[in-house]
Amino acid sequence: MENKQQLFNELLNSLNEKSEIEEYKYIGTGDPLSDILIIGKETAFEIDTDQYRIETLGNFNFWNKQQIANKENPTENGYNPRFPYKGQILKRDNRKGNNGTSVTWMNYQKLINYIYNTPLNKDINFHDDSFITEVNSTPSKKTANANSFSIGFRKENILNSKFFQSFKIVIISGVGYFNITKDKNEIEDIFQVKYIEKKNVDGKTSQPFWIHKNEDNTKLVINTYQLSIGISDNLLKEIAREIQESNILNI
């Protein structure tokens, strides 16, 4: 099997040929060589800002230039998608310099802590154990207001790529951007898995997750609601337990 570094480079070369729209070619943040992929809906900030220019429009060019980047080396503007906003801690950002982070990143960190049995870790360092991308590469504070034109391209050329298919664990944080009906299950089609079952945490229909696996039990895909406000620790713990008990990761 081709190694992950090679698959990553092949994806970059392919995207260079398939689109001139930098936003559509957004790759993600974190460690591309990790085993865990977390897929969100879209990043929650406004377009036409420096943050959009640096973090979204600059993302592909960063990876294309750096390939597998060193998290210790910041870019010219101080932002490094290998480990963005290094130094944040596991508390909600109060906008007053408390080194906190977003609720979504808090939940990503808790999930990684539970998976790897490090629940006392208070640093935001989930980028060392996972890679994060989005279904939609156009940022929006609210999904209801999001421009979704990039989704078709990204499903076909990014999520379907050999690189993104190589992740052993895939956590889809947000239902709604995948077509799932009685006749078609886009998650199954894209990730080459079969739906197994739905679980409700604490018996609550508001805290569900859906489990999918491939035939030889080497890939686990879990779909759940957006891991932001309203997500319980028990949901994160149950997803982590499902991942641990799959024995797909070497934990």
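## Basis of the description

This is a predicted model, in which local features need pLDDT of at least 70 and side-chain atom pairs count only at pLDDT 80 or more, while totals for chains, interfaces and linings use all residues. Residues are numbered from 1 along each chain as its sequence is written, and side-chain values use heavy atoms, with hydrogens and water left out.

Helices (DSSP runs of H or I, at least four residues) and strands (DSSP runs of E, at least two) are numbered from the N terminus.

In α3, the buried residues are Asn59, Phe60, Phe62 and Trp63. They cover an arc of only 160 degrees around the axis, which puts them on the same side of α3. The buried residues of α3 pack against α1, β1, α2 and β3 (131-134), with contact meaning heavy atoms within 4.5 Å.

## How α1 meets α3

Two packed helices are described by the angle between their axes and the distance between the axes. For helix α1 (residues 4-18) and α3, the angle is about 125 degrees and the axes are 10 Å apart; axes are lines fitted to C-alpha atoms, for helices over the stretch in contact, and angles run from 0 to 180 degrees between N-to-C directions. That angle makes α1 oblique to α3, given that angles under 35 degrees count as roughly parallel, over 145 as roughly antiparallel, 65 to 115 as roughly perpendicular and the rest as oblique.

The contact is made by Phe8, Leu12, Leu15 and Asn16 of α1 together with Phe60, Trp63 and Asn64 of α3. The crossing of α1 past α3 is left-handed, a term used if the near helix is turned anticlockwise from the far one by less than a right angle, with right-handed used if clockwise.

## The sheet

Seven strands form an open sheet with mixed pairing, in the order β1-β3-β2-β4-β7-β6-β5, where two strands pair if DSSP finds at least two bridges between them. β1 (29-30) and β5 (194-200) stand at the edges, each with a single partner strand, so one side of each is left without a neighbour in the sheet.

Strand β2 (residues 36-40) runs parallel to strand β4 (residues 169-173), joined to this strand by four bridges, and Leu37 stands opposite Val170 in β4. β4 is also parallel to β7, with five bridges between them; here Ile169 stands opposite Leu220, and Ser173 has Thr224 as its bridge partner. Strand β6 (residues 208-213), by contrast, runs antiparallel to β7, again with five bridges, and Ile211 stands opposite Ile222 in β7. In the hairpin of β6 and β7, six residues lie between the strands, and Asn217 takes a positive phi near 60 degrees.

Ile239 lies in helix α8 (residues 233-246) and, at 0% relative accessibility, counts as buried. Leaving out residues up to four places away in sequence, Ile239 touches Leu111, Phe209, Ile222 and Thr224. The C-alpha atoms of Ile239 and Ile211 are separated by 9.4 Å, although these residues are 28 apart along the chain.

Ser137 lies in the loop between β3 and α5 (151-159) and counts as buried at 3% relative accessibility. Apart from neighbours within four places in sequence, Ser137 is in contact with Glu23, Tyr24, Tyr26, Thr56, Ser150 and Arg154.

Conventions
Buried means under 20% relative accessible area, exposed over 50%, partly exposed in between (1.4 Å probe, protein chains only). The arc is that of the directions from the helix axis to the C-beta atoms.
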